[in-house]
Amino acid sequence: MTAFGKLVRTTAFRLTLVYLFLFAMFAASLLAYFAWNTRRLITEEITQTVNAETSEINELYGRRGLRALVLAIESRALRPGANLYLVTTPTGQAIAGNVGSLAPGVMATRGWSETAYRRIEDADDRDHRALVRVTELENGFRLLIGRDLAERRRLFGIVAKAAQWSILIVVVLGLGGGVFVARRVLRRIDAMSGTAHRIMTGDLSERLPVGRSGDELDRLAENLNAMLERIEALMAGLKEVTDNIAHDLKTPLTRLRNRAEEALAKSGCEADYRAALERTIEESDGLIRTFNALLMIARAESGQARGNMDDFDAADVARGIHELYEPLAEDDGMTLRVKAAPATLHGNRELIGQALANLVENAIKYGKPSPVVQPMDPTAAARVREILIEARREGDTVLLSVTDHGPGIPESDRKHAVERFVRLEASRTLPGSGLGLSLASAVATLHGGELRLADSHPGLTATLAIPAIAASGDRLAAQTQDVPQKVA
Ligand SMILES: Nc1ncnc2c1ncn2[C@@H]1O[C@H](COP(=O)(O)OP(=O)(O)OP(=O)(O)O)[C@@H](O)[C@H]1O
Ligand SMILES: [Mg+2]
């Protein structure tokens, strides 16, 4: 498209054309109204003077007769810029006045008419136009008094010229302004398109230019830049996940493959094959678990799970998880307890349950007391092997926490431990893929809350702190915080 074509297609230019048309129409109608009113005023003035003079002359004729009338007409006709006068006999013969010729039939019709005429003294043979009034005097004499319309025509001419000029000026200024504005807008849009193009070719760090005027284009650019910021962050996250997956799933997959190959190469008995296959299944289950955890994290982080939210009691979730994990903890020599006060939450129950389960699994796995701080008396020994699941409400926040009395996580490692596939040095010997805390944190973020890791002297308290959403606020407010707590 040519530069001119682009310019003409801009909204700014099209709007200018619309305004131009509206302004031109406005100017034209204003001038037309002015012209029409002036014409009316001039006509009115002519009518008044002619009427006044007609009655004056009439009266003079009535009082002093034809001779006085003729004398008065002759003297008035001689004045500079005189009106038109004509007196005729009943047979139509002119006896006084300054009119040389008239359009035929004018003297025959009484009253007002517009006519072409010439004065006696006119040297040229051009017709003029006048507004005249014909009256009949006594004895059949007729009197015509009128006024030339040149003034009215001249005024009309002036107005017409003014209209021409003003419309021309409006059009020139309007088109100039339109081109100026459209070019400015076009330049900025072109700059934005250029940046967008560079972004499309892969440079996500590019940002749209933002001016200082704060107009709608600046606001649009700012919003698009914020969107790009978010997309860049998401892409970086995605890249990290992909890198992690490539790195962390490659090892178990390679191990799986090598074991299968080894079993085949050994050509052992059926029992060997069976054992190899069982290990393969075990390893595959681990892989499936990791994939499921990754998918769940992705679901929580993308906000996709937001559609699946409803109100439920966090205490029910805590009790459910307690029931599910109690035998497991017991097998591992740990005691699992629950302390749950009603606390309504608006969220995705399945994800919250999974997040809490991950924290409990961690407590069972890593929460065994370290041999160094082994207490002496049996009650204290039982206490450190205890894991407590708690559900309660504190102000506007619902807290779901799991406390153990193991070695805990040093403060400096807490941030790191939440990252995907991160496993701390101390727990490398235990099974796991380093995704449990990542999911718990992603779930908390999805609900507008956070995962807090704190020291429980000794041990770790991992807490899902989730705001009790205002949507169910009325009901939440009705709940008191001092509901007696049930300890299992
Ligand atoms: N209660 C805890 N006490 C001590 N260390 C913990 C505790 N919970 C987590 N950690 C440390 O944080 C790391 C990350 O935990 P996370 O739950 O994310 O992964 P994981 O338990 O190793 O694997 P997964 O949960 O995916 O099976 C763990 O490897 C462990 O080192
Ligand atoms: Mg874990």
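Q: How do the residues of the shell around ligand 1 divide into nonpolar, polar and charged?
A: The shell around ligand 1 is made up of eight nonpolar, seven polar and three charged residues, where Ala, Val, Leu, Ile, Met, Phe, Trp, Tyr, Cys and Pro count as nonpolar, Asp, Glu, Lys and Arg as charged, and the others, Gly among them, as polar. This is a predicted model, in which local features need pLDDT of at least 70 and side-chain atom pairs count only at pLDDT 80 or more, while totals for chains, interfaces and linings use all residues. Residues are numbered from 1 along each chain as its sequence is written, chains are lettered from A and ligands numbered from 1 in the order in which they are written, and side-chain values use heavy atoms, with hydrogens and water left out.

Q: Which residues come nearest to ligand 1?
A: Of the 18 residues around ligand 1, the nearest are Asn362, Tyr366, Arg423, Ser427 and Leu437, a residue being near if one of its heavy atoms lies within 4 Å of the molecule.

Q: What lies 2.7 Å from an oxygen atom of ligand 1?
A: A polar side-chain atom of asparagine 362 lies at that distance, 2.7 Å, from a ligand 1 oxygen, and a polar side-chain atom of tyrosine 366 also lies 2.7 Å from an oxygen atom of ligand 1. From the backbone, an N or O atom of glycine 434 lies 2.8 Å from a ligand 1 oxygen.

Q: And how much of ligand 1 does the protein bury?
A: Taken alone, ligand 1 exposes 600 Å², and the protein buries 93% of that; accessible areas come from the Shrake-Rupley method with a 1.4 Å probe, and for residues only the protein chains shown count as cover.

Q: Which elements give two or more residues to that shell?
A: Those are helix 7 (349-366) and helix 10 (436-446), helices being DSSP runs of H or I with at least four residues and strands runs of E with at least two, numbered from the N terminus. Helix 7 gives the most, with three residues.

Q: Staying with helix 10, is serine 438 buried or exposed?
A: Serine 438, which lies in helix 10, is buried, because its relative accessible area is 6%, and buried means under 20%, exposed over 50% and partly exposed in between (1.4 Å probe, protein chains only). A polar atom of the serine 438 side chain lies 3.3 Å from the backbone nitrogen of arginine 420.

Q: Switching topic, where does glutamate 136 lie?
A: Glutamate 136 lies in strand 5 (residues 128-136), and glutamate 136 is partly exposed, with a relative accessible area of 36%. Its C-alpha atom is separated by 128 Å from that of isoleucine 387, 251 residues apart along the chain.

Note on methods
Polar contact = N/O pair within 3.5 Å; in protein donor to acceptor, adjacent residues only side chain to side chain.
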